[in-house]
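Here is a short walk through one chain and its surroundings.

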Amino acid sequence: MNKLSIEERLGKDKFAVDEDKPHIVLDQRICAQCSKKPCVKACPAGLYVPQGDGVKLDYAGCLECGTCRVVCVMKGLKWEYPRGTFGVEFRYG
Ligand code: SF4
Ligand code: SF4
């Protein structure tokens with residue numbers, strides 16, 4: 001049996017995006033003071049990208065693993081699970 005790459009596995013997941021209420025909200029003033037920006041390397045989906053002094057986040061592809069919440073020691077983000085039926089639906093493992 002062929003093994004799927006991580007990208008292929010993630011590609012099978014389905015996301016119901018809550019356009020009205022992001023479940024992760026960044027405080028760019030704090031992000032601008034965060035020199036190491038550990039979220040960029042830690043997010044398994046690669047959703048944090050450096051932008052200017054801060055970072056930008058595409059929360060729509062969030063896997064809800066909570067890693068960014070743990071590594072963000074400067075408390076630059078607010079994190080909660082998506083509302084109701086929103087969020088990720090895992091389809092492979
Ligand atoms: S680790 Fe936290 S404070 Fe630092 S850039 Fe990422 S979200 Fe912002
Ligand atoms: S919860 Fe996980 S997948 Fe979602 S943004 Fe944070 S590190 Fe990335």
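From the N terminus on, the elements run α-β-β-α-α-β-β-α-β-β. That makes four helices and six strands. Both are DSSP runs numbered from the N terminus: helices are H or I with at least four residues, strands are E with at least two. This is a predicted model, where local features need pLDDT of at least 70, side-chain atom pairs count only at pLDDT 80 or more, and totals for chains, interfaces and linings use all residues. Residues are numbered from 1 along each chain as its sequence is written, ligands are numbered from 1 in the order in which they are written, and side-chain values use heavy atoms, without hydrogens and water.

Now look inside. Of the 93 residues, 30% count as buried, meaning under 20% relative accessible area with a 1.4 Å probe, protein chains only; exposed is over 50%, and partly exposed lies in between. The largest nonpolar core has 13 residues. Such a core is a set of buried Ala, Val, Leu, Ile, Met, Phe, Trp, Tyr and Cys residues joined through side-chain atoms within 4.5 Å. Cys-68 is among the members that touch the most others. Strand E2 (24-26) and strand E5 (77-79) each give two or more residues to this core.

Leaving aside neighbours within four places in sequence, Cys-68 is in contact (heavy atoms within 4.5 Å) with Ile-24, Tyr-48, Leu-77 and Trp-79. Cys-68 is also one of the residues that come nearest to ligand 2.

Finally, find Ala-45 in the loop between helix H3 (38-42) and strand E3 (48-51). Ala-45 counts as partly exposed because its relative accessibility is 27%.

Conventions: Near = heavy atom within 4 Å.
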